[in-house]
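Please view the sequence and structure below before reading on.

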Amino acid sequence: MFKSKDLLGLYGVSAEEIDEILSLGLKLKERLKRNEKSFDALSGKSVVTLFYENSTRTRCSFELAAKFLGGKVINIAAATSSVQKGETLVDTGKTLDAMKNDVIVIRHPMGGAPKLLGETVKAHVINAGDGMNEHPTQALLDMLTLREHLGGLRGLKVAILGDIRHSRVAKSNLFGLTAMGAEVRMYAPKTLIPAGLERMGAKICSSREEAVSGADAVMGLRIQLERQRGGNFPSLGEYAKYFGVNEEIMKYAKKGALVLHPGPVNRGVELTCGLIDGDTSRIEDQVLSGVAVRMALLLLLTQGRVKL
Ligand code: CP
């Protein structure tokens, strides 16, 4: 039974709760693959997406997830809202509460903004990415994709390579995957590895080969130039050559190991185009997993136990 009011991150979320979201998400993904996308379980409920940062995948898939379930959706971009007139996050949340809104999906550049909002409003709050903190629904959709294609998560070896320092995706995957019994290896230039990840359960590797060796799946992470002040590596070309994931490095992984990326991807930097578009890539499939897992989460948060 999913008991939480909000989903703020995967830190501290139990394996049972993750399993419940993924199990429902997998059933919904099967329905979506059959083009069944007209449900009424969220009828009478409203969802506001409140985005203070750019997004394509996350915002659209939350909107589609809510609409496929029969809910009403309003999209607010901070750039065109009363935030520009100086309204605070808390006052924005209280305003939405006063309108009897049920769910707020928030993306914000400040780590902790969804928590502040969740403590203030009656609506359910879902973190759609907060600064460098967490992006829990991205990790849930990554886990759903891995579970679907590899049959489970326990015992999997997952290598994450890229801009780990600035990545909320890396942290949510670390918390989620380790809770589910997977091993998470990480590799990046030392400038892009923050302190403390080992204490959180990651295996920090000293080479790409070590990270990828025997891995069931390899995830590239976007180089987040918008959060960097420069000086982390000499150039994007050198990053790709010495730290990126390419066909040569993938030879160290398990045969047929899956290639993942949360998107948006810098083609030829984090991953080669051949890997992005290759047979083992599940990058497009991750996007469909995103709609399904967000449908599952909306149902579980607003209704508790759900049977399909
Ligand atoms: N993966 C992800 O969060 O993508 P968007 O920034 O497009 O939402």
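## Ligand site

A backbone N or O atom of R57 lies 3.0 Å from an oxygen atom of the ligand. A polar backbone atom of P262 is 3.0 Å from a nitrogen atom of the ligand, and a polar backbone atom of G263 is 3.0 Å from a nitrogen atom of the ligand. The residues that surround the ligand are S55, T56, R57, T58, R107, H135, Q138, P262 and G263 (a heavy atom within 4 Å).

## Basis of the values

The model is predicted: local features need pLDDT of at least 70, side-chain atom pairs count only at pLDDT 80 or more, and totals for chains, interfaces and linings use all residues. Residues are numbered from 1 along each chain as its sequence is written, and side-chain values use heavy atoms, with hydrogens and water left out.

## Helices α5 and α6

Helix α5 (residues 136-150) packs on helix α6 (residues 168-179) at about 55°, and their axes are 8 Å apart. The angle, on a scale from 0 to 180 degrees, is taken between N-to-C directions of axes fitted to C-alpha atoms over the stretch in contact. Helices are DSSP runs of H or I with at least four residues.

From α5, P136, Q138, A139, D142, M143 and L146 meet V169, S172, N173, G176 and L177 of α6 (heavy atoms within 4.5 Å).

## Helices α1 and α11

Helix α1 (residues 15-33) and helix α11 (residues 283-303) pack at about 120°, with axes 8 Å apart. α1 and α11 are therefore oblique to each other.

Definitions and conventions: Helices (H or I, at least four residues) and strands (E, at least two) are DSSP runs, numbered from the N terminus. A polar contact is a pair of N or O atoms within 3.5 Å; within protein, one must be able to donate a hydrogen and the other to accept it, and residues adjacent in sequence count only if both atoms are side-chain atoms. Angles under 35 degrees count as roughly parallel, over 145 as roughly antiparallel, 65 to 115 as roughly perpendicular and the rest as oblique.
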